[in-house]
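Here is a short briefing on one protein chain. Look through the sequence and the model first, then read the notes.

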Amino acid sequence: MSLATKQPLQEKQRTIQRIWKTPGSKFNLICLGMSLIVYGSIYFVYLNTLKSQPYAGPYSDPLRLFGIVAFCLVLLVAAYTLRRRFVRILPGKVQNWLWLHTWIGVLAILVAFLHENYLNILRDIQFTGMRFIEGQAGTMALYALLLLVLTGIAGRLLDAWQARTIAREANSNGAGIIQVVQERLHELELEIERLSAGKSATFKIFCSETLKSYTSLPAMLPVLTPKELDDFERVYEILTQRAYLARSLQRQKRARLIIRLWRYVHIPLACLALIIISYHSFTELLKMLVHR
């Protein structure tokens, strides 16, 4: 009988522990596999092109077509923002779109390198104004995309790190995530006010001063009458629990703030990079159509 009762309890505990975890996704591996296949195919064409065209560049096919492919990939990366903020009726989970956003972004910059034949990346590196504006701002578009992808990778790592921090705090603090911790702190403060009602001035001052400190307890304890000691022990336990939850709340808020600050940098940078890349791509396409 004890075994039959114990097993469901263990399963319930395991279920509760699974709540606060950073989610995984098989779609991550699917996007990675698709990106590797596409890049491998394009790189195979690139190697064959170098054999037949020793001085291949972004103005000759197929490297010029690589630029069109890279621009299409950039537009596909931008679709994540549409799915997350505007067109939420698009199919699929936001998390899956995020993995698509990540791996397609990496694929886009790798294809852009092939489009430029690694000019100003591995060879003939020049940081001059003329180099940045030549070719319809091609080098500027390349570096804008490179900076965008690097900040995106950094943000993805930050997001994974801070998500684990929040999950770890939610698992260990006995309450959960920020909203639940704030509710629990409010309940504890109400309990402290109830226990301090009708007590001596020393008792009340100690409680009010401790509530102001928020995350720490005073080193010196007050001198109280014997009849207040039982309630003081209970208050001190509540204050200790409150300080622990307050520190956990601070760590969770700090983690969320780091991600928010990164978004304040990445989103404007993405808009600026998309403008530069679009200008380069459309002007080059128009120039190619006019020549033909």
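In which helix is the place of Gln 136? Gln 136 sits in helix H5. This is a predicted model. The chain has eight helices and zero strands. Of its 292 residues, 36% count as buried.

**Overall layout**

- Read along the sequence, the pattern is α-α-α-α-α-α-α-α.
- A search of the whole structure finds 11 salt bridges.
- A search for aromatic pairs across the whole structure finds 10.
- The number of disulfides is zero.

**Backbone details**

- Gln 136 has a phi near 55°, a positive value in a residue other than glycine.
- Ala 137 is buried, with a relative accessible area of 8%.
- The peptide bond from Asp 61 to Pro 62 is cis, and its omega is near 5°.
- Pro 62 has its place in the loop between helix H2 (26-52) and H3.

**Salt bridges**

- Side chains of opposite charge can pair when their charged atoms come close.
- Arg 251 and Glu 169 form a salt bridge, with their closest N and O atoms 2.7 Å apart.
- Arg 251 lies in helix H8 (residues 229-291) and Glu 169 in helix H5 (residues 129-172), so this pair ties together parts that are 82 residues apart in sequence.
- Glu 169 is buried, at 7% relative accessible area, whereas Arg 251 is partly exposed, at 29%.
- Arg 184 forms a salt bridge with Glu 187, and the closest N and O atoms are 3.2 Å apart.
- Both Arg 184 and Glu 187 lie in helix H6 (residues 178-196), three residues apart, or about one turn of the helix.
- Arg 184 counts as partly exposed, at 29% relative accessibility, and Glu 187 is partly exposed too, at 44%.
- Glu 209 and Lys 212 meet in a salt bridge through their side chains, at 3.9 Å from N to O.
- Glu 209 and Lys 212 both belong to helix H7 (residues 201-213), three residues apart, about one turn of the helix.
- Glu 209 is partly exposed, at 43%, whereas Lys 212 counts as exposed, at 64%.

**Aromatic rings**

- A pair of aromatic rings is described by the distance of the centres and the angle of the planes.
- Among the 10 aromatic pairs is Phe 71 with Phe 282: the ring centres are 5.4 Å apart and the planes are at 80°, so the pair is edge-to-face.
- Phe 71 lies in helix H3 (residues 63-86) and Phe 282 in helix H8, so the pair ties together parts that are 211 residues apart in sequence.
- Phe 71 counts as buried, at 7% relative accessibility, whereas Phe 282 is exposed, with a relative accessible area of 51%.
- Tyr 39, Tyr 43, Tyr 46, Phe 113 and Tyr 118 make up one aromatic cluster.

**Charges over rings**

- Arg 156 has its charged end over the ring of Trp 99, 4.2 Å from the ring's centre.
- Lys 199 lies over the face of Phe 203, at 5.8 Å from the ring centre.

**Cysteines**

- The structure holds zero disulfides.
- Cys 72 is partly exposed, with a relative accessible area of 43%.
- Cys 271 counts as partly exposed, at 45% relative accessibility.

**A surface patch**

- Met 130, Ile 133 and Met 140 form a nonpolar patch on the surface.
- Together these three residues have about 300 Å² of accessible area.
- Ile 133 is found in helix H5.
- Ile 133 is exposed, with a relative accessible area of 52%.

Definitions and conventions
Residues numbered from 1 in each chain as written. Predicted model: local features only at pLDDT ≥ 70, side-chain atom pairs only at ≥ 80, totals over all residues. Heavy atoms only, no water. Salt bridge = Lys/Arg side-chain N within 4 Å of Asp/Glu carboxyl O. Helix = DSSP H or I, 4+ residues; strand = E, 2+ residues; numbered from the N terminus. Buried < 20%, exposed > 50% of the residue type's maximum accessible area, 1.4 Å probe, protein only. Phe/Tyr/Trp six-rings, centres within 6.5 Å; stacked < 30°, edge-to-face > 60°. Lys NZ or Arg CZ within 6 Å of the ring centre and 35° of its normal. Disulfide = S-S within 2.5 Å. Patch = residues over 30% accessible without salt bridge, like charges linked within 9 Å, V, L, I, M, F, W, Y side chains within 5 Å. Areas by Shrake-Rupley, 256 points an atom, 1.4 Å probe, with all protein chains shown as cover.
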